[in-house]
Amino acid sequence: MTSFTPARSTADLGVVGLGVMGANLARNLARHGHEVAVFNRTLARTERLMDRYADEGTFVPAAELADFVASLRRPRVAIIMVQAGPATEAVIDALADLMEPGDIIVDAGNTLYTDTRRREEALRDRGLHFVGMGVSGGEEGALLGPSIMPGGTAESYNRLGPMLESISAQVDGAPCCTHVGPDGAGHFVKMVHNGIEYADMQLIAEAYDLLRGVAGMSVAEIAEVFRTWKDSELDSYLIDVTTEVLSRTDPATGGPFVDAVVDAAGQKGTGVWTTQTALELGVAVPAIAEATFARAASSSAGARLAVRNASLDAGAQPPALDEPKAREEFVAAVKDALYGSKIAAYAQGFDEIATASQLYGWQVDLGAMARIWRGGCIIRARFLDDITRAYDEEPALGSLLTAPVFASALEAVLPAWRRIVATAALAGVPAPAFASSLAYVDQLRAERLPAALIQGQRDFFGSHTYHRVDDPEGTYHVTWSAPERVEEKWA
Ligand SMILES: NC(=O)C1=CN([C@@H]2O[C@H](COP(=O)(O)OP(=O)(O)OC[C@H]3O[C@@H](n4cnc5c(N)ncnc54)[C@H](OP(=O)(O)O)[C@@H]3O)[C@@H](O)[C@H]2O)C=CC1
Ligand SMILES: O=C(CO)[C@H](O)[C@H](O)COP(=O)(O)O
């Protein structure tokens, strides 16, 4: 077994956890001229990194965590890249015991922001900086340039920022990294990034399903449709990924790869967190929620089998799209529905960030978030430039739906979007994210909502009270159980 004994305290920063993300992040840092200390619980991973990549830059490997900490220059910076939860907690505790006031511990995993807030407060009391940092881009991004979303103090960003900005993706000469805000702001923004990722993927999947199930197109034809959408406002990494996946032939069956894959979508939890958090904050994120539920429904094997065997097929009838022109129009309408739904999904995600930012006093620059998502991350897309411009023009934008660029786009796509949602329902092809995104727009644009009826129902069965249109500040109740049913003003 190799015995690493670092002798000097010169490393610019260190990485703990040399799995898929940590090893590639360490290599990216070393390639950019930073001296990087590396440590992994299982020594074999550290040895493998040194065997394969030592010549890419200056690494300082350590077999013991204490040696790792000793190899860092002051104020020390240690980036943790391990699984969220108990693993991250254990590494933070061990590092904190070895570090000194002014040192910086960075959690770069996908951690729930409430854990980050709790840890930041606890470590602050010990004089340590704790930075919750979102990193997106997968294995390739970590190595070649991810999108980086650090939270924590401005002071810690002064030390960390230049190093992080040097290794992040760059778009139009600007780094895809910025200080998001204090304590849990970085992890919150990364969580919502992933929620939007879920919604975007589900919307693309629904578009594929409609082209296949309603228009009767082959997988190869659909791959070509997605390829052409790259030359449009839908241009994005996820559209590229989709084109690649749909273009693959399965070597074993000779058929489309997508038909050889079990149709049960996995998830590691960030979509659930985004949805749960939105519910707690009282923010509507139906596209993200439906995308998360759709993964759950796809994985509900027992329920799917039972319902499929029950043959609940009544009324499901795809329209005839035999004529090439009719099919062409349908493809164009699906594209419109996808674009409209995508605008709605991003509006929901940004609303969730804005709400949390206000609640916690983070002062997140929403335009800057769209800017740092333009490169490196999974949701990178041309479309994000429009979001940045929208917030630059009107920083206090109440909803992205009202930014002139998106309001006029919605005007253009809404008619086709409505037809697609109706057609999906009539054909019996599930399109929950398309439908819920449309309902979201309709809810927000409605003059009156049936919420007034719900208030009446709540008052009837639980004396939960209501406000009157002509006295919105007053609190009212009807004595429903008394024969005369008198309205009383309670406050
Ligand atoms: N994979 C991806 O695309 C992305 C992942 N992330 C996040 O990055 C983090 C790491 O993910 P990834 O690199 O994929 O994971 P891997 O499974 O590849 O690596 C996990 C690492 O965590 C270490 N580890 C696990 N438990 C402990 C523990 N109790 N104490 C010390 N070290 C421990 C492992 O060490 P050992 O070798 O000893 O087991 C290993 O180095 C996660 O939080 C993930 O959510 C973020 C963005 C994208
Ligand atoms: O963090 C990421 C990207 O930034 C991962 O791609 C994401 O965690 C994948 O999540 P899931 O396994 O739930 O689809």
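Predicted model: local features only at pLDDT ≥ 70, side-chain atom pairs only at ≥ 80, totals over all residues.
1. **The largest pocket.** Start with the open spaces. The largest pocket has a volume of about 1,900 Å³. Its lining consists of 40 residues. Nearest to the centre are A205, Y208, D209, D263 and S298. By class, the lining has 26 nonpolar, five polar and nine charged residues.

2. Helix α8 covers residues 185–213. Other elements also supply at least two residues each: α10 (237–247), α11 (257–260), α13 (286–298) and α14 (301–309).

3. **The second largest pocket.** This pocket holds about 1,300 Å³ of space. It is lined by 41 residues, and M21, V82, Q83, N110 and K268 are the closest to its centre. The lining divides into 19 nonpolar, 15 polar and seven charged residues. Keep M21, N110 and K268 in mind, as they come up again with the ligands: M21 is among the residues that come nearest to ligand 1, while N110 and K268 belong to the surroundings of ligand 2.

4. **Elements around the second pocket.**

5. **Ligand 1: where it is.** Ligand 1 sits in the second largest pocket. The elements that give two or more residues to its shell are α1 and α4. Around the ligand there are 20 residues, of which V20, M21, N40, T42 and R45 come nearest. The shell has nine nonpolar, eight polar and three charged residues.

6. **Ligand 1: its contacts.** Look at the oxygen atoms of the ligand. A polar side-chain atom of T42 is 2.5 Å from an oxygen atom of ligand 1. V20 uses its backbone instead: one of its backbone N or O atoms lies 2.9 Å from an oxygen atom of the ligand. For N110, a backbone N or O atom lies 3.2 Å from an oxygen atom of ligand 1.

7. **Ligand 2: where it is.**

8. **Ligand 2: its contacts.** K190 places a polar side-chain atom 2.8 Å from an oxygen atom of ligand 2. In R295, an N or O atom of the side chain is 2.8 Å from an oxygen atom of the ligand. In N194, a side-chain N or O atom is 3.1 Å from an oxygen atom of ligand 2. On its own, ligand 2 has 370 Å² of accessible area, and the protein covers 78% of it.

9. **The cavity.** How many cavities of 30 Å³ or more does the structure hold? There is one. The volume of the largest cavity is about 30 Å³. Its lining is made of D200, I204, L234, S236, I239, L338 and K342. Four of these are nonpolar, one is polar and two are charged. Helices α8 and α15 (324–360) each supply at least two of the lining residues.

10. **A cis peptide bond.** Now check the backbone. The peptide bond from R74 to P75 is cis, with omega near -10°. P75 lies in a loop, between α3 (65–70) and β4 (77–80).

11. **A positive phi.** D183 is the other backbone point to inspect. This residue is not a glycine, yet its phi is positive, about 30°. D183 is in the loop between β9 (174–175) and α8.

Key: Residues numbered from 1 in each chain as written. Chains lettered and ligands numbered in written order. Heavy atoms only, no water. Near = heavy atom within 4 Å. Polar contact = N/O pair within 3.5 Å; in protein donor to acceptor, adjacent residues only side chain to side chain. Areas by Shrake-Rupley, 256 points an atom, 1.4 Å probe, with all protein chains shown as cover. Helix = DSSP H or I, 4+ residues; strand = E, 2+ residues; numbered from the N terminus. 1 Å grid on protein atoms, 1.4 Å probe; cavity = no way out; pocket = protein on both sides within 12 Å on 5 of 7 lines; lining within 4 Å. Points joined across faces, edges and corners; volume = space filled by probe spheres on them. Nonpolar A, V, L, I, M, F, W, Y, C, P; charged D, E, K, R; others polar. Sits in = over half its atoms within 2 Å of the grid points.
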